[in-house]
Amino acid sequence: MAYLNMINESHLPPPTPFHQHLPNSMNAAANRPNMSTVLPPALKSRSDVFEPNYSLTSEQYETLGIFRSNLADLESEHSTFLDDACLCRYLRARDWKIKQAEQLLRDTIRWRAEYNVEGITPDDVYEEAKTGKNYLHGFDNLGRPVIYQRPRLENSKNYDKQVQLMAYLLERAGSSMDRSRGVEQHILFIDFKGYSIFNAPPLHVSKSVLSLLMDRYPERLGHAFLVDAPRLFLAAYATLKIFIPAATKAKIHLVKRKGNAGSTGCIDPEIAKYFEAENLEEEYGGLLPSYFDAEQYFAKEKELYLQLRNGEVVAQSASVSTADIASALDEKSDAQTQALETEATSTALQTAEITADDTNRMHISQAFGDLSFHNHSRTPV
């Protein structure tokens with residue numbers, strides 16, 4: 001995927017902090033200390049057996065087998081990515097036509113390498129995400145992670161960075177999908193409050209993001225809720241619709257924002273089909289916090305990222321403990337030292353065995369490859 005040209009960011013007006021867009025009651029809460037804030041969702045184990053919510057026909061099983069054999073040259077390097085759930089998503093996206101599905105998947109593999117998708121870190125996207133314009137928060141009733149977007153909080157015209165942030169969130173959503181429940185989709189919430197020509201992306205950027213959703217993460221979109229979409233957007237959407245498959249268009253819902261947090265009667269009826277109040281942000285009538293604090297959000301996100309990466313934090317903690325023991329030994333008498341060294345050696349060996357075992361397990365079950373949407377959704381996006 002070609003990198004998009006960067007445009008000088010100085011022409012953009014500074015975005016208004018997110019809490020200034022909240023209703024007055026929420027603004028007051030936002031200024032209180034210890035207020036609940038948006039936090040990234042918990043991780044789910046990739047080692048769980050994937051339990052699909054669909055069945056394959058005998059013909060589809062046969063097609064899946066042929067498809068896998070065609071990809072044999074990719075297996076050694078991309079075995080985690082190319083699980084059956086992933087292959088089925090690519091086949092569904094191309095109506096079980098093997099040739100087209102294979103082209104789509106190979107293009108994705110090349111794009112992932114070129115864009116270094118699995119190498120994107122929280123630090124890489126922090127500046128782009130710090131206003132709260134795009135983040136991951138909570139789940140719908142079926143356990144699908146939710147990506148919230150607020151275009152009014154746009155803070156740059158570095159369109160390549162915007163696409164990178166979206167890719168990171170899509171990857172990260174994959175790591176929060178519960179395989180044991182057959183979850184392989186996400187929900188997209190786009191809030192158009194304050195949308196204007198100053199924060200509207202160019203049409204080519206919108207098409208790039210649409211391509212990202214459809215071609216690089218096919219069958220991952222569960223539903224997209226467009227909240228208070230204005231005429232300006234609807235005019236652009238009318239142009240984009242010609243590129244969207246019918247099955248995907250059926251997942252896009254134009255909805256209205258409601259008030260009075262916590263009252264189910266104030267949740268848009270279409271949203272209420274998929275969200276209980278406790279699973280929805282309060283700005284839309286739910287009970288989850290809507291206040292975004294970048295420092296708190298990314299402090300937690302970096303913590304989760306390290307867990308996904310490779311368990312290095314555990315190894316570092318183990319080495320610190322060993323150093324502390326050594327320091328303590330220096331202060332003891334020779335007799336005490338000999339006894340302590342024997343005990344410390346035994347403890348260190350046990351710790352090393354446990355740490356190595358935990359690290360291996362983490363590499364296998366929660367490696368950062370999990371962020372590559374290996375276990376995603378079930379319909380043409």
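## Packing of H4 and H5

Angles between axes of under 35 degrees count as roughly parallel, over 145 as roughly antiparallel and 65 to 115 as roughly perpendicular, while the rest count as oblique. In this predicted model, the axes of helix H4 (residues 84-93) and helix H5 (residues 98-115) cross at roughly 120° and come within 8 Å, and H4 and H5 are therefore oblique to each other. The crossing of H4 and H5 is right-handed.

On the H4 side the contact is made by Leu-87, Tyr-90, Leu-91 and Ala-93, and on the H5 side by Ile-98, Ala-101, Leu-104, Leu-105 and Thr-108. Sorted by class, the contact of H4 with H5 has eight nonpolar residues, one polar residue and no charged residues.

Asp-83 lies in the loop between helix H3 (72-78) and H4, and Arg-179 in the loop between helix H7 (159-174) and strand S3 (186-191), so the pair ties together parts that are 96 residues apart in sequence. Asp-83 counts as buried at 13% relative accessibility, and Arg-179 counts as buried at 9%.

## A network of salt bridges

Glu-281 pairs with Arg-150 in a salt bridge whose closest N and O atoms are 2.9 Å apart, and the two residues, both buried, are 131 residues apart.

Arg-257 and Asp-191 meet in another salt bridge (2.4 Å, N to O), with Arg-257 in the loop between strand S5 (252-255) and H11 and Asp-191 in strand S3. Arg-257 is partly exposed, with a relative accessible area of 21%, whereas Asp-191 counts as buried at 0% relative accessibility. Through shared partners, salt bridges join Arg-150, Arg-152, Asp-191, Asp-228, Arg-257, Glu-281 and Glu-283 into one network.

Terms used:
Residues numbered from 1 in each chain as written. Predicted model: local features only at pLDDT ≥ 70, side-chain atom pairs only at ≥ 80, totals over all residues. Heavy atoms only, no water. Axes fitted to C-alpha atoms, helices over the stretch in contact; angles between N-to-C directions. Helix = DSSP H or I, 4+ residues; strand = E, 2+ residues; numbered from the N terminus. Left-handed = near helix turned anticlockwise from the far one by under 90°. Contact = heavy atoms within 4.5 Å. Nonpolar A, V, L, I, M, F, W, Y, C, P; charged D, E, K, R; others polar. Buried < 20%, exposed > 50% of the residue type's maximum accessible area, 1.4 Å probe, protein only. Salt bridge = Lys/Arg side-chain N within 4 Å of Asp/Glu carboxyl O.
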